[in-house]
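Please read it with the sequence and the coordinates open.

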Amino acid sequence: MDRIIKSEIKKEQITGIPSVALHGIENSMQDDRDGNTDVEEEDFTEEELELLTYQDSDTGDSDVTLAQPEAARRVLLSDAPMRKYPFKLKQSESGNVLTVHHTIKGGGQALRIQIAACCFNELSNKLVVIDKRGNVFVFDFVRKRYWRLGFLMPKAKLIRPSPLHTSDYIVGNRTGHIFIIDVDNSILGVDVEVGSAALDELSWSNRLQNARSSIALMRFGSDALLVNLHTLQISHQLDFDQSRYTLKFAAFLPHSDQFFIGFSNDSLHVWSSHSLATLRMGQPIKARNRKLRLLPAGETIPKIVLRSPDDSDLEEDLTFDCQHYDFADGLLLSYCFTPDGNKMCLSTLDGYLLLLSVASFDLEKMYRLTDFTLHQMAFLSQPKERIVFGITTRNQAIMLDLANTDHKLIVQRSNARSLSLSRDGKLLSVTSSCGEVNVWSTCRIFNALQAQTRCLNQVKSTFKQPKSLPPCSVGGGVSKELRHLLNPQRLKTMLKEYGCYPEKYRYLIWTSLLDLPCNGPQFQELIKLGAPLLVRNRSKKLKIRNDHQRRVVIKIWSCLAQWCKVLAHADFMPHLIFPFVKRMPKNSLVCFELIATLVLNHFQLWFEFHPLPPSNYLAMCENILQHCDEQLCKFYKSQEILPKDFAWPLLSTAFSEVLEEEQWLSLWDNIFSEPPWFPVFLVVAYNLINREIIVRLPDKRSVLFFFHDQNPVDISKLLSKARKLMSKCALALHPQRFMALFSPIPKGVYPKFLKYPSEWIDEQEYQAVSLMKHNQEIDARIRHLELEEVKIMERLETGLKQEEHARRLKEMERVYQDTIHREEERITCQRKMLLTYQMEVRRRKSEVITKLQESEQRRKILEMEKDMDLLMNSIERERRRHNQEMQLAEDEIRNQEMELLAQRYYSDTEGAPLAQKYYDKIQKLCYQRDQLQKNLRDMTMEQLRTPATSSVQFSPQLVDIENSIFEIQREFTEIITTDTTLEYRRKLP
């Protein structure tokens, strides 16, 4: 941290972008020409854009006004070319580098359009802004150019950079639609209706490579959906029991595939995105309360106070008003994670900052936010887990240092609605409710915080300021100096000039004017006496929303009642005390002494006829009013309206019911500066100023209601009128004849106030004591009767219980007997059914056995048939083989015979012609051939008539026989031909 403070800051560290100085339009356009872009670019022209300042000065503003000329608005966005315009970054020391607002000019008037959403890209060099009319603007911090996309995104609510593509963004609108847009190419991609309400939260898991496991968690109001990032299709819808609690937060844990759910009962649940099962849960509010209970004595938690100690005299103008929030939704307001994802920070509705471990939800650190709360937060990446940016409930953008809780900085004092931190932590965007987006450099803001801290430390070490005095030390050691400085004449001159005292020193001035002694010990003694019984009973009916203020009112009323008994019987005292307590809730001593001083001086005639209204005091008001305006008095008499109706309501409430806060303070500034009878003239002046309104009221009820309701009154005119009446009042009517001059409370003692009917008070107290004793006796008798009644009821209950017990026993016996009888009948019936089932089982068993025997016999028969078939087949094969062997043997014998015949023939016919020699044999062979062919034909016909199996078996043998016959015929033919040729050759010469 010291290194950051002492080292020289470069422009790259401040803005998070390259340090390119722009000194004119030409340089800006030259930067853009160096880049490769495929869009049409134009130079800056004042007719089309309003850039408020374009000089290179350190103190000048560079607000970018996104104006739409009439000619440009007549062109459809989809048809108009995408043009890029230059802008410039500021060089201010405050850290605000850019301010953007969208202004439309038409009809001679400029209309500023509110900003709906904005965010930085993943590289932290672009800012995308969407206004409430759907215009999308992109700011490139590297090229110093911005452009508008060619489509509209109406009703946009949330925009986030897509983790899948660097130029894509996911946009959710208020109707539940999800869009994916490409800002570099001005393309409107996917449009899917996912939810039915506005998109409030969007996060995704760390598994983005796989298309099936890239899941995003979207929260639409009290509904949470798991959506596929690639297709935007709903994979799961998380349903919860809406009757017990509702969903408040839903987001993926950083760098994880687990997500957490926050409910309105302040519980946090971590779920698995795969099994959708609860992995762990935490109760941060219960953990905080337990830690506060177990906090050791003397140890405190760190406190963060937004306002400075110099504003301690101001009342709770920065306090958080809880009535604007519904506690039924729980105490958790918002959350954020540290950049490394190890810690989770939660802000609560009752002003706490809780730092939890993400792994176990254990409470590690806790901070008390005394005068503000945060509804949005973001951690700065460096220094680690230390710097937090936040938006308070009073729309302030602040910077907190958790390591040094005294170090804080208000970045933007008003109108801050939401913030967005760039991924590298160098740029911060704050969206304002006035229609602006302010971009801040976090380095400059952090250095400004460090510079402020060093300056304060140097001032404290130089001056060595002593500790501030306690609140009750107003009249202590510095009282002489204060009295000299706060001289009544000086104060009256100031009051005459400005009409009121300065807010910061008002209560110190009141203390000086009334000369309050600040009798601390005496006040403590009155507190020790406790609250009187009458005050305790009547305080139960007080209707004050703020419990702290209610307790202070009761405490001061109790002290006043112990000081003066009549004040406990005055019903109007809480209404008189409350306006002063509301302005000074932390200084009960000053409030008590102020009221006591008023009772001793200004209200000295109020209790003369108690419990009746102060007739003498009210008569003075009526006499002066009669003297000044007789017609108004006649009107009051005609309506039967008395001074207790038109004067006492103003006095008994200290004018708090009819004046607003600032007017009431100015009024009492003047009352404390004037004599004690000045309120009389104020009552008369109030009636005279509102005379025209009062006389036109229709009936008495309206007139009475008029003095209990706020009415528009010029406070300066009222005071001037009262002073004029006091100065011109006749001596015979002047209240100074009947009232004593102002007398302050002396130091060290509270004087008794005795201007009240003490006898009546004593009688009332005596009656109260007797009534209390009577009530105690009645209570004792009632308790005795109640005890007797309890005993009688116990006896009656005992007898009734015994009778009821006997009746129930008989009834139970009858029920048991009936049950036993039914069971016996049921058992008999079941036995009969069992016998029937057994007979049926035996019958079916015999049938099954018979069928099994039949099936066994059929199986044996089939096996025997199969064996016989196999035996017949083997016999047939042996027979065929034997036939073939016999036939072969016969053929061989026949061939041998033929050879022997041929040899014998050759030997017999040697020398004779072959044709002659073998003529008879040839003829015989021809005959045999014919016979053989005939036999073959007969055999062929038999084969055709026999089954196919036998034909298949004998067909190869027949073919062989035929071939042999054809071969014999061929040989015979050749022999005959050869013999003929030889014989012919022999015959030739």
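1. Two strands are taken as paired if DSSP finds at least two bridges between them. Helices (H or I, at least four residues) and strands (E, at least two) are DSSP runs, numbered from the N terminus. On that basis strand β23 (residues 303–304) runs parallel to strand β27 (residues 363–369), and two bridges join them.

2. Some terms of the source. The model is predicted: local features need pLDDT of at least 70 and side-chain atom pairs count only at pLDDT 80 or more, whereas totals for chains, interfaces and linings use all residues. Residues are numbered from 1 along each chain as its sequence is written, and side-chain values use heavy atoms, with hydrogens and water left out.

3. The sheet. What is the order of the strands in the open sheet of five? The order is β23-β27-β26-β25-β24, and the pairing is mixed. At the edges are β23 and β24 (332–337), each of which pairs on one side only. Strand β25 (residues 343–348) runs antiparallel to β24, with five bridges between them; S334 has S347 in β25 as its bridge partner. Helix α5 (residues 284–293) packs on the sheet, where it touches β24, β25, β26 and β27, and its direction makes about 80° with that of β27. Contact here means heavy atoms within 4.5 Å.

4. The hairpin. Strand β26 (residues 352–357) and β27 run antiparallel and are joined by five bridges. L356 is paired with L363 of β27 by a bridge. Five residues lie between the strands of this hairpin, and F361 takes a positive phi near 60° there.

5. Two packed helices. A pair of packed helices is described by the angle between the axes and the distance between them. The axes of helix α20 (residues 661–673) and helix α21 (residues 678–689) come within 9 Å and cross at roughly 140°. Axes are lines fitted to C-alpha atoms, for helices over the stretch in contact, and angles run from 0 to 180 degrees between N-to-C directions. The two helices α20 and α21 are therefore oblique to each other; angles under 35 degrees count as roughly parallel, over 145 as roughly antiparallel, 65 to 115 as roughly perpendicular and the rest as oblique. L667, N670 and I671 in α20 meet F678, P679 and L682 in α21. By class, this contact of α20 with α21 has five nonpolar residues, one polar and no charged. Ala, Val, Leu, Ile, Met, Phe, Trp, Tyr, Cys and Pro count as nonpolar, Asp, Glu, Lys and Arg as charged, and the others, Gly among them, as polar.

6. K721. This residue, K721, is found in helix α24 (residues 715–728). The C-alpha atoms of K721 and L682 are separated by 8.0 Å, with the two residues 39 apart along the chain. Neighbours within four places in sequence aside, K721 is in contact with A685, L688 and I689. With a relative accessible area of 32%, K721 is partly exposed (buried means under 20% relative accessible area, exposed over 50%, partly exposed in between; 1.4 Å probe, protein chains only).

7. Helix α9. Is helix α9 (residues 506–514) largely enclosed or largely open? Eight of the nine residues of α9 are buried, so the helix is largely enclosed by the rest of the structure. The buried residues of α9 pack against α8 (488–498), α14 (573–583), α15 (588–600) and α20. D515 sits in the loop between α9 and α10 (520–528). Phi of D515 is near 55°, a positive value in a residue other than glycine, and D515 counts as partly exposed at 27% relative accessibility.

8. Aromatic pairs. The structure holds 33 of them. The rings of F706 and F707 have centres 5.4 Å apart and planes at 90°, so this pair is edge-to-face. Rings of Phe, Tyr and Trp (its six-membered ring) pair if their centres lie within 6.5 Å; planes under 30 degrees apart count as stacked, over 60 as edge-to-face and the rest as tilted. F706 counts as buried at 6% relative accessibility, and F707 counts as buried at 1%. Ring pairs also link F572, F603, W606, F607, Y617, W648 and F753 into a cluster.
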